[in-house]
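Work through these exercises with the model open beside you. Try each task before reading its solution.

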Amino acid sequence: MHCLKRTLRNFRKHYAERDRRMNQTEYQQNEIIWQDRKHVMWFPIGFEKYTVRNGRIYINRGLLTTVSDQTLLYRITDIQLRRTLGQKIFGTGTIVLVSKVDADHEIVLKNIKNSEDVVNMLSDLIEHARRYKNVVGKEFYSSGCGLDHDGDYDIDFEFDDDDNS
């Protein structure tokens, strides 16, 4: 029971802080923070367009049939930069964003110009989004009290022997 009370207390505290911050407009702006396309050699002529705005990364693919994906930045758990010899020569790189909670666990941004700078920028934006949403790593991993331990999509509460008597 103590664990449930602590969880409810943290829940109320989290949402009170979130409501206070929702009145601030610094993070809710609709401005484009970063935008690029898939490059062929050093020319941005690919049919994939990447945009970061509103705490999300948007990916538009295709010419005749367009597929649009978006992922919340705070859900990204890892960033990788892959550069082949050809990408090093042409100044591009492939950025892989790993997300534990989305259907596609890997989001691949192919042949991005100035990829090292983009990785640093995305890392800062992801940390900012996590602080803004009050998200810490334990939201992505099942450990702790009040989580689903048996996989039946309901919250399992653990009680001490003292609380049950």
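**Exercise 1. Find the bridge partner of Lys49 in β3.**

Solution. Start at Lys49 and cross to β3: the partner is Asn60. Helices (H or I, at least four residues) and strands (E, at least two) are DSSP runs, numbered from the N terminus. Strand β2 covers residues 48–53 and strand β3 covers residues 56–61. The two run antiparallel, joined by six bridges. Two strands count as paired if DSSP finds at least two bridges between them. Next, take Thr51: its bridge partner in β3 is Tyr58. Finish at the hairpin of β2 and β3, with two residues between the strands. There Asn54 takes a positive phi near 55°.

Before going on, note the ground rules. This is a predicted model, in which local features need pLDDT of at least 70 and side-chain atom pairs count only at pLDDT 80 or more, while totals for chains, interfaces and linings use all residues. Residues are numbered from 1 along each chain as its sequence is written, and side-chain values use heavy atoms, with hydrogens and water left out.

**Exercise 2. Which residue does Arg53 lie over, and how many aromatic pairs does a search of the whole structure find?**

Solution. Arg53 lies over the face of Tyr58, at 4.7 Å from the ring centre. The test for a charge over a ring: NZ of Lys or CZ of Arg within 6 Å of the ring centre and within 35 degrees of the ring normal. Now search for ring pairs. The whole structure gives zero. Rings of Phe, Tyr and Trp (its six-membered ring) pair if their centres lie within 6.5 Å; planes under 30 degrees apart count as stacked, over 60 as edge-to-face and the rest as tilted.

**Exercise 3. Describe the sheet of β5, β6 and β7, and the helix that lies across these strands.**

Solution. Begin with the order. Three strands form an open sheet, β5-β6-β7, with antiparallel pairing. The edges are β5 (76–82) and β7 (106–113), and each pairs on one side only. Neighbouring strands of this sheet are turned by 20° against each other on average, direction ignored. Strand β6 (residues 92–99) joins β7 over six antiparallel bridges. For one partner, take Leu97: in β7 it bridges to Ile107. Contact means heavy atoms within 4.5 Å.

**Exercise 4. Is Gln87 buried or exposed, and which side chains does it join by polar contacts?**

Solution. Locate Gln87 in helix α2 (residues 85–90). Its relative accessibility is 8%, so Gln87 counts as buried. The scale: buried is under 20% relative accessible area, exposed over 50%, partly exposed in between (1.4 Å probe, protein chains only). Then list the polar contacts. One of 2.6 Å joins the side chains of Gln87 and Asn111. Another, of 2.8 Å, joins those of Thr94 and Gln87. A polar contact is a pair of N or O atoms within 3.5 Å; within protein, one must be able to donate a hydrogen and the other to accept it, and residues adjacent in sequence count only if both atoms are side-chain atoms.

Move on to Thr94, in strand β6. Thr94 is buried too, with a relative accessible area of 11%. Not counting residues up to four places away in sequence, Thr94 touches several residues, including Gln80, Gln87, Val108 and Asn111. Thr94 and Val108 are 14 residues apart in sequence and 7.0 Å apart in space, C-alpha to C-alpha.

Notes
Axes are lines fitted to C-alpha atoms, for helices over the stretch in contact, and angles run from 0 to 180 degrees between N-to-C directions.
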